[in-house]
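Some notes on this model follow, point by point. Please read them with the structure open.

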Amino acid sequence: MQSQLSENAPHFIGGSTTPSASGAILDVDSPWTGQKMGEVSVGKDEDIQNAVQTAREAFKTWGSTPVKQRVQILYRFKQLVEDEIDTLAKLISRENGKMPAEAKAEIEKGLEVVEYACSIPNMPVNNILEVSRGVDCYSKLFPIGVVAGITPFNFPAMVPMWMFPIALALGNAFILKPSEQVPFTPIRLAELLKQAGLPDGVFTIINGDAETAKAITQHPDITAVGFVGSSKVANWVHQEGTALGKRVLAMGGAKNHLIVMPDADMDITAGNIVASFTGCSGQRCMAASVLVLVGDSEPVFNAICEKASQLKPAENIGPLINPAAVERVKRYLDLAESEGGKFAVDGRWYKADVEGEGYFVAPTIIDGLNIDSACVKDEIFAPVLSVLRAKDLDEALEIENQNPYGNAASIFTTQASNSQYFIQRASSGMVGVNIGVPVPREPFSFGGWNQSRFGIGDITGIGGIQFWTQSKKITQKWSARSSQNWMS
Ligand code: NAD
C-alpha cells in the first residue's frame, strides 16, 4: 500500500513554480487510500495570459535555435529521467494508482518518443527537386509558435511525452495542461527539462480543470492544440479549436476488440488477453475490452478466465483513479446482470471486503451479452472484459467494424491467412497479431481511427513532425540567364 504524502502542484511558468494568481486550488486524492494527498493550482485567465506571454517571448529565440542544438537538451533530459526512473515510477504510481512496474514501463514508452525527437536532425524530412533548368524547389519545416497539450489522468508521464519532445525539438514553445488528477509527475518533468538546460518559458505547465482546458483551447495566441482524453471532450476541443482557426489533433476514447480464432495458441493468447484487459487496471486506451470468440474457442476462454481469476487487487492490480470510476463499474456490472450477462469471472466479491480503502475493483469477465449490451458498447475503463461469440472471422470483423471507436484491435491465430484477412478489414488505427496491446514502437506513429481520433494524422512519429510544424516551399534559381525564364 502506498504511503500518504502531502504535496502541492503549482504552475510552471518562465522556468519557476508559480501558484495561481487567484489562489484557486483543488484537492488531489490518493487512489490507493481515498485520502487527500495534496493540492493542485487551478489556472485562471491571469495565469494563462502570463504563461502565454512568457512562452511567446521564449519562442522568439527558441524557434530560431538550430535543431541540432535544441535536441542536445532532450538528450540530457532523457539521461536525467533515466537516472531517477524508479523515483518517478513511484510518483506516478502514488498519484495514478498503477503498479510501480507499470509506471516504469510508461516512462520507458515516453522515452522512446524522446529518442525519436533526438533523431530529427538526422532525418531527411525536407524535399528538394530540380523542377526546371537551374531551378530548385525545396520545402523547409518551421515551428508554429506557442502550442499546447491537454492530457488525461491515465499516463501522467507518457502522454505528455507523446507531445512535448517532438514539439520542442521542432522549435515550438509548449504549454502543458495535465489532468488535475495527476499533476505531480508533470511538474517533476518540467524541473528536469530546466535542469537539462531548456531556456525558461519554452516549456510551461498550467494546471487546472476543464475550465482551464477550455480557456487554453480558446486562447488566440495558442496556434495548435494536441489533446488526449475521452471522446466527448476530444470532439469538443477539436470542433472549438478548429472553428477558431487552430490546428487540433484530439485523441479520444476506445473500445478495443480482441478476436480469438479456434487455432490460436492457448498460452500466448490467454496471457496476452489477461494482461491487456487488466494491465493498469484496464485504464488504458489500448486495453482489451470486448473479446470475440470465433467458433469453438472454449479451451482458450477457460484459460483466460483461470488466469484472470488469480489476480488480486492491491497485490497485482492497482486501484482505479477515483470513486466515480468505481461507481461506473458497479453501474455497468448491474446493467450487465439485468441484460442477462453471465459472470465467467466475477469481480464483485471484492467490493464488500475493502469498502473505504482505496478505489479497487477486481477483474471481471462477462459472457452471454449481445452487441447492444451497454458493456459491449460503452467505454468502461476498468478491468472488465465483455465476451461475444461469432461463427466465423467475417462475423467477428462485422462486430469489430460496427463499434464506433477505432483505436486498437487484435487477432489471435496461428494462420497467416486469418491474420492478413483481419489486417485488411479491421476498422482501427492500430492492429495486432497475437499481441494484446498493439502499441506501435517509434518511429511508427500512435493514432486511432473513427471516434478515437478527431482531426487528421497521428500524435507521434512522422505524424507528430507534421502536426507541430508548418512547411515553407522555396523556389530558387541561381545563375539566372536573361534568355531563360523560370518555366523554360
Ligand atoms: P477526460 O476527457 O476527462 O480529461 C482529459 C483532459 O481534458 C484533462 O486534462 C481534463 O482536465 C480535461 N477536460 C475534462 N473535461 C473537459 C471539458 N469539458 N472541456 C475541456 N477539457 C476538459 O479524460 P480522462 O478521464 O482524464 O482520461 C481517460 C480517457 O482518455 C479515456 O476515455 C481514454 O480512452 C482516453 N485516452 C485516450 C488515449 C488515446 O490515445 N486515444 C490515450 C489515453 C487516454
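1. Contact here means heavy atoms within 4.5 Å. Helices (H or I, at least four residues) and strands (E, at least two) are DSSP runs, numbered from the N terminus. The model is predicted: local features need pLDDT of at least 70, side-chain atom pairs count only at pLDDT 80 or more, and totals for chains, interfaces and linings use all residues. Residues are numbered from 1 along each chain as its sequence is written, and side-chain values use heavy atoms, leaving out hydrogens and water.

2. In α2, V71, L74, Y75, F77, K78, V81 and E82 meet I107, L111, V114, E115, A117 and C118 of α4. These contact residues comprise ten nonpolar, no polar and three charged. Nonpolar covers Ala, Val, Leu, Ile, Met, Phe, Trp, Tyr, Cys and Pro; charged covers Asp, Glu, Lys and Arg; the others, Gly among them, are polar.

3. Helix α7 (residues 210-218) buries T212, A213, I216 and T217. Buried means under 20% relative accessible area (1.4 Å probe, protein chains only). The four span an arc of only 140° around the axis, so they sit on the same side of α7. The arc is taken over directions from the helix axis to the C-beta atoms. Their packing partners are α1 (45-62), β8 (146-150), β9 (173-177), β11 (224-228) and α8 (231-243).

4. Check the backbone at C280. Its phi is near 55°, positive in a residue other than glycine. C280 is in the loop between α9 (266-278) and β14 (288-294). C280 is buried, at a relative accessible area of 6%.

5. Which peptide bond is cis, with omega near 15°? The one from E442 to P443. P443 lies in the loop between β19 (430-433) and β20 (453-454).

Technical notes. Buried means under 20% relative accessible area, exposed over 50%, partly exposed in between (1.4 Å probe, protein chains only).
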